[in-house]
Amino acid sequence: MGKTTGFLEFDRHDDAIVPAMERIRTFDEFHLPLEEEERVRQAGRCMNCGVPFCQSAMKLNGMVTGCPLHNLIPEWNDQIWQKHVHHAYARLSKTSSFPEFTGRVCPALCEKACICGEHSDPVSVHDNERYLIEEAYARGFMQPEIPPVRSGMKVAVVGSGPSGLAAANRLNHRGHTVHVYEREDRAGGLLMYGIPNMKLDKRVIERRVKLMEAEGVVFHTGCDIGKAEAAKLREEYDAVILCCGAKQARSLKGADPEKIKGIWYAVDFLSSVTRSLLKCEDHSAALVAARRDHISVAKKHVVVVGGGDTGNDCIGTVIRLGCRSVTALEMMPEPPVERTPDNPWPQWPRTKRTDYGHEEAIALWGRDPRVYGTTVKEYITDAGGRLKQIVTVKVRMQDGRLTQVAGTEETIPCDLLLIAAGFTGCEAYTPEAFGVEQTARGTVKTGQGRYETSVPGVFTAGDMHRGQSLVVWAIAEGQEAAAEVDGWLTGYGHTERS
């Protein structure tokens with residue numbers, strides 16, 4: 001696929017990135033596309049693999065490597081090399097519902113499994129994917145595909161995050177009438193209010209939602225589904241899919257936002273900033289910072305607890321809002337820069353990754369904001385209960401548990417503490433409203449590899465089903481759940497109604 005010797009002739013070139021000190025002045029996306037000829041060469045680096053691990057989604061040593069959507073990566077890279085963009089997009093869209101989302105926020109499991117990456121740089125699959133979907137919009141390929149015949153059956157999707165959108169999209173194209181119910185004021189779920197604009201411009205989400213509406217999907221926003229509403233949906237629809245995410249935030253010992261002023265959960269903070277941004281005429285960071293309708297950051301010492309993607313998003317956001325300093329605490333030890341012998345290709349690389357927020361903090365203050373092997377021991381407030389300082393302490397693994405190291409305490413200024421420690425499962429009230437069983441992990445229970453819940457006709461997908469995970473996994477689950485629901489409705493295959 002691609003150019004037979006391309007991987008030997010062409011070096012990897014990523015999309016250009018706006019310099020850190022420039023990009024922190026706005027909430028705009030900051031990746032700049034390559035010239036088309038260079039993009040063609042990048043696709044030409046894709047090898048004619050006998051077994052393309054990039055599309056495998058293999059589980060090795062407890063972690064997945066390769067694309068969960070099983071995208072036909074060598075095929076569409078070959079079509080980019082041949083300059084057949086329409087054909088390339090056709091192959092991409094066969095397996096992927098929303099390349100405009102994964103092409104921006106996916107950590108590129110595909111690239112970690114690329115055989116070029118064993119001894120050199122992997123193929124730039126992530127950037128190639130984003131190029132294809134943006135070209136598809138620009139060249140007019142993205143026209144409404146309205147089903148010529150409707151099945152007469154109706155499906156309700158509760159939640160409009162990536163899994164809900166994927167399920168709705170597939171079922172609508174199968175001819176079923178699909179209504180999506182979202183409790184927020186806009187569709188998109190975590191895509192809209194959990195990921196900052198500079199990483200995923202909200203106009204990208206709205207563009208896709210408008211296309212889905214033109215194809216016949218009906219969106220109902222501001223609908224929080226409780227017990228009465230659940231009964232109504234069961235009565236009015238032939239099937240219901242629960243795609244409400246895993247929004248039950250993991251707490252931090254002693255960090256009670258109701259008792260200590262200045263402690264917030266990360267997604268609540270990011271949501272408040274996005275809501276403010278959506279009211280602005282442009283994406284100027286100064287304009288957003290000047291508004292009074294989001295959680296205040298200006299001139300504050302910020303501490304972020306949690307070292308994942310959400311923690312990094314918090315770092316980038318508070319920098320744009322004018323914080324005085326930012327420190328990121330991570331309980332786990334600092335990972336190695338390079339793969340260790342016990343973590344060979346094509347396993348997921350357990351290595352240190354410096355993301356955009358970390359880069360911006362380094363550019364601004366000359367230091368990496370991350371402090372590894374550390375947690376919060378104590379919170380110090382003023383007379384009014386406002387957070388002013390925290391006491392940190394080093395931790396280490398002992399007998400399978402993280403324990404505090406005596407004598408390593410340090411007091412640092414902290415006016416705002418953001419908890420980005422992940423999630424413990426879905427919020428219980430929706431599954432309880434539908435009467436479906438839950439697991440000990442706080443997810444909705446189904447059979448192995450299946451999506452139907454303990455209540456016939458009620459299905460689930462995404463983080464609500466698998467627990468906190470990646471956008472690409474949510475899309476994959478939404479697509480698979482849609483296939484199961486379609487079989488259940490129509491009687492095709494083993495998923496027909498009992």
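Buried means under 20% relative accessible area, exposed over 50%, and partly exposed in between, with a 1.4 Å probe and protein chains only. This is a predicted model, in which local features need pLDDT of at least 70 and side-chain atom pairs count only at pLDDT 80 or more, while totals for chains, interfaces and linings use all residues. Residues are numbered from 1 along each chain as its sequence is written, and side-chain values use heavy atoms, with hydrogens and water left out.

The structure holds 35 salt bridges, a salt bridge being a side-chain nitrogen of Lys or Arg within 4 Å of a carboxyl oxygen of Asp or Glu. One of them joins Arg39 and Asp15, at 2.4 Å from N to O. Arg39 lies in helix 3 (residues 36–44) and Asp15 in the loop between helix 1 (6–9) and strand 1 (16–17), so the pair ties together parts 24 residues apart in sequence. Helices (H or I, at least four residues) and strands (E, at least two) are DSSP runs, numbered from the N terminus. Arg39 is buried at 2% relative accessibility, and Asp15 is buried at 9%.

Another salt bridge links Asp185 and Arg275, whose closest N and O atoms are 3.6 Å apart. Asp185 sits in the loop between strand 6 (177–182) and helix 10 (190–193), and Arg275 in helix 13 (residues 266–277), 90 residues apart. Both side chains belong to partly exposed residues, Asp185 with a relative accessible area of 48% and Arg275 with 28%. Elsewhere, salt bridges that share partners join Glu29, Arg104, Arg130, Glu134 and Arg207 into one network.

The next element is an open sheet of five strands in the order 9-17-10-11-12, with parallel pairing. Strand 9 (263–265) and strand 12 (370–372) stand at the edges with a single partner strand each, so one side of each has no neighbour in the sheet. Two strands pair if DSSP finds at least two bridges between them; strand 11 (residues 325–330) and strand 12 have three, in the parallel sense. Within this pairing, Leu329 has Val371 of strand 12 as its bridge partner.

Finally, the cysteines. A disulfide is a pair of cysteine sulfur atoms within 2.5 Å, and by this rule the count is zero. The sulfur of Cys116 has its closest cysteine sulfur in Cys114, at 4.3 Å, which is too far for a bond. For Cys314 the closest is in Cys323, at 11 Å, again too far for a bond. Cys116 is buried at 6% relative accessibility, and Cys314 is buried at 0%.
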